Amino acid sequence: KDYKVIILMVLADWCGACKQFKSTGAIEELKGIIGEDNILIANDKDQDVMKDLNIRAFPTLCAARIDPTGKLTKLEDAQSRKAVDLAALFKKHDGK
């Protein structure tokens, strides 16, 4: 395949729910399960991500596909902020 599946997290510094999510340790836990290179953390200042994926709420957690040119395509929004659920979403779309 000519693309990579990742878990994309779009966070904002001013967002209370984002700060709370970061404080849970879920990001570190997820890195331990699927590997740091399979996670992309963006923020509200990443205008290309915001526009291309039509991000309107924070935090946005989703499975996404990134092609060799760096173009992102959202695959599925996460229904949970738990690391095990995010890992399952990754594996569902990664197919490994």
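**The salt bridges**

Modeller: The side chains of Glu 76 and Lys 92 form a salt bridge, with 2.8 Å from N to O. The model is a predicted one. This pair joins distant parts of the chain, as Glu 76 belongs to strand E4 and Lys 92 to helix H4 (residues 83-94), 16 residues apart. Glu 76 has a relative accessible area of 25% and is therefore partly exposed. Lys 92, at 57%, is exposed, because the term applies to values over 50%.

A search of the whole structure finds four salt bridges. Among them is the contact between the side chains of Lys 74 and Asp 77, at 3.2 Å from N to O. Lys 74 is partly exposed, with a relative accessible area of 30%, and Asp 77 is also partly exposed, at 36%.

Five bridges join E2 to strand E1 (residues 4-11), and the two run parallel. In this pairing, Val 10 has Ala 42 in E2 as its bridge partner.

A further salt bridge is formed by Asp 13 and Lys 45, whose closest N and O atoms are 3.9 Å apart. Asp 13 lies in the loop between E1 and helix H1 (16-23), while Lys 45 lies in the loop between E2 and helix H3 (47-52), and the two residues are 32 residues apart. Lys 45 is exposed, with a relative accessible area of 55%.

Note on methods
Residues numbered from 1 in each chain as written. Predicted model: local features only at pLDDT ≥ 70, side-chain atom pairs only at ≥ 80, totals over all residues. Heavy atoms only, no water. Pairing = 2+ DSSP bridges. Helix = DSSP H or I, 4+ residues; strand = E, 2+ residues; numbered from the N terminus. Buried < 20%, exposed > 50% of the residue type's maximum accessible area, 1.4 Å probe, protein only.
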